Amino acid sequence: MDALLKQYKEKQPEVVFEWSDAETGAKGWVVINSLRGGAAGGGTRMRKGLTKDEVLSLAKVMEVKFSVCGPAIGGAKSGIDFDPRDPRKNEVLKRWFKAVMPLLKNYYGTGGDLNVDELKDVIPITESYGLWHPQEGVVNGHLKPTEGARIAALGQLRYGVSNIIRDKNYIPNSEEDLAIADMVTGYGVAMAVVHFYDLYRTSDIKDKKVIIQGWGNVASAAAFYLAQKGAKIVGIIDIAGGIIRPEGLSYEEVCQLFLNKKGNNLHAENMLSFEETNTKIWDLQADIFIPGAASKILNQDQMDRLMANGLDVMSCGANVPFVDDEVFFGPTARYTDEKISIIPDFIANCGMARVFAYLMQAHADLSDKAIFDDISATIRKAIETVKAKNSSDKGISTAALTIALEKLMG
């Protein structure tokens, strides 16, 4: 794998688009690793301090992800270096999407990502510029459909992604409208854990102890689905603060925390400060860890402390979670993969990418159950393929990455 990984990391991206916002000084990049299959896809994120190298790293991860969940296209990513708390955020996004519209029309598809919401930001802004859907470039460049097939695929994407979930099995019990795009990535992260325990431990996850990092759409949804399956959320760490509960939060408490979040942040009475939580949480006993916050923030000391207290499996909600991942799969990822079971990001968090691929199929069943079942089946098949190559519960990420690179690099 090492030779293939080196070759893949060093391969120059096919397209790098760089943008500077004259009004705010914001900088942005679209990095398209390749136009495999005639198109590329990857979400749009915003954070202060983001770099072109981070966007490049994430574009390469996206290409690996598509090798797992489809469609057979290249990986890409958009990133904007700007503070998402700035009141000018929406205006920056409008100017950004206007600048990249030619790519989105022809061969690039995007969606939401860190601090950029699929339904509130990406779809309304791109629609205002005449785009039928943010995946229109993938439909045009990859599928090359007839006009009728093009309209049908875009219609399914428009309906399916923003469709309000009506099946109560997939949402907390509330009056709040939650869409497919709000829930599917976290659902996949949780189902990766469920399938892991079934395939590698022949058990369910009832009473397994879980630590969650982050409380945005991905992390909070993953926590909800894990609690729904009987797991115990014993710790949450978020930039806004945290909760330590060694005996586990009840399912009802997790649902309430999900519904009470403020934007992407945890909100609860009597929650600990971030500093206090960060001091304590890494020494908490847990079976399962879900990194679901930003990229490149986990370090080896944190992982050593979790492993010393019995950590069994990690399901990556965040892309490229380790601080030293360089492009991806750096020293800490490799070190940890040799000691515990890591379900890599390109399998665990492929839910939204899989929904896009599913909705591009002709005559897709657009029911909630069909969409969620398709994600679950895709992730299970990927883990089964890894287990067939490497029956050990260690080295899962290495085996998964080898399979993907062999498919991509030949």
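1. A word on naming comes before anything else: helices are DSSP runs of type H or I with at least four residues, numbered from the N terminus. In that numbering Ala-388 lies in helix H15, and the model in which it is placed is a predicted one. With a relative accessible area of 72%, Ala-388 is exposed, the cut-off for that class being over 50%. Ala-388 and Tyr-225 are 163 residues apart in sequence, and their C-alpha atoms are 27 Å apart in space.

2. Turning to helix pairs, helix H3 (residues 89-106) and helix H4 (residues 118-128) have axes that come within 9 Å and cross at roughly 60°, and the two helices are therefore oblique to each other. The crossing of H3 and H4 is right-handed. On the H3 side the contact is made by Lys-89, Asn-90, Leu-93, Lys-94, Phe-97, Met-101 and Leu-104, while H4 contributes Asp-121, Val-122, Ile-125 and Thr-126. Sorted by class, the residues of this contact of H3 with H4 are six nonpolar, two polar and three charged.

3. For H2 (52-69) and helix H16 (residues 396-409), the axes come within 9 Å and the crossing angle is roughly 90°, and H2 and H16 are therefore roughly perpendicular to each other. Here Glu-63, Val-64 and Ser-67 of H2 meet Leu-401, Ala-404, Lys-407 and Leu-408 of H16. The contact of H2 with H16 consists of four nonpolar residues, one polar residue and two charged residues.

4. Helix H5 (residues 136-143) and helix H6 (residues 147-162) form another pair, with axes that come within 10 Å and cross at roughly 145°, and their crossing is right-handed. The residues that meet are Glu-136, Val-139 and Asn-140 in H5 and Arg-150, Ala-153, Leu-154 and Leu-157 in H6. By class, the contact of H5 with H6 has four nonpolar, one polar and two charged residues.

5. Which residues of helix H9 (residues 251-260) are buried? They include Val-254, Cys-255, Leu-257 and Phe-258, and, seen down the axis of H9, the buried residues fall within an arc of 160°, so they line one face of the helix. As background, an α-helix has 3.6 residues a turn, so residues three or four places apart point the same way. The buried residues of H9 pack against H7, helix H8 (217-228), strand S8 (232-238) and strand S9 (241-249). Gln-256 is also found in H9, but with 43% relative accessibility Gln-256 counts as partly exposed. Between Gln-256 and Lys-206, which lie 50 residues apart along the chain, the C-alpha separation is 20 Å.

6. A cis peptide bond joins Gly-70 and Pro-71, with omega at about -10°, and Pro-71 lies in the loop between helix H2 and strand S5 (74-81).

7. Two residues with positive phi remain to be discussed. Asp-207, a residue other than glycine, has a positive phi near 70°; Asp-207 lies in the loop between helix H7 (180-201) and S7, and at 44% relative accessibility it counts as partly exposed. For His-363, again a residue other than glycine, the positive phi is near 55°. The location of His-363 is the loop between helix H14 (351-359) and helix H15 (368-389), and His-363 is exposed, with a relative accessible area of 77%.

Definitions and conventions. Residues numbered from 1 in each chain as written. Predicted model: local features only at pLDDT ≥ 70, side-chain atom pairs only at ≥ 80, totals over all residues. Heavy atoms only, no water. Axes fitted to C-alpha atoms, helices over the stretch in contact; angles between N-to-C directions. Parallel < 35°, antiparallel > 145°, perpendicular 65-115°, else oblique. Left-handed = near helix turned anticlockwise from the far one by under 90°. Contact = heavy atoms within 4.5 Å. Nonpolar A, V, L, I, M, F, W, Y, C, P; charged D, E, K, R; others polar. Buried < 20%, exposed > 50% of the residue type's maximum accessible area, 1.4 Å probe, protein only. Arc of directions from axis to C-beta.
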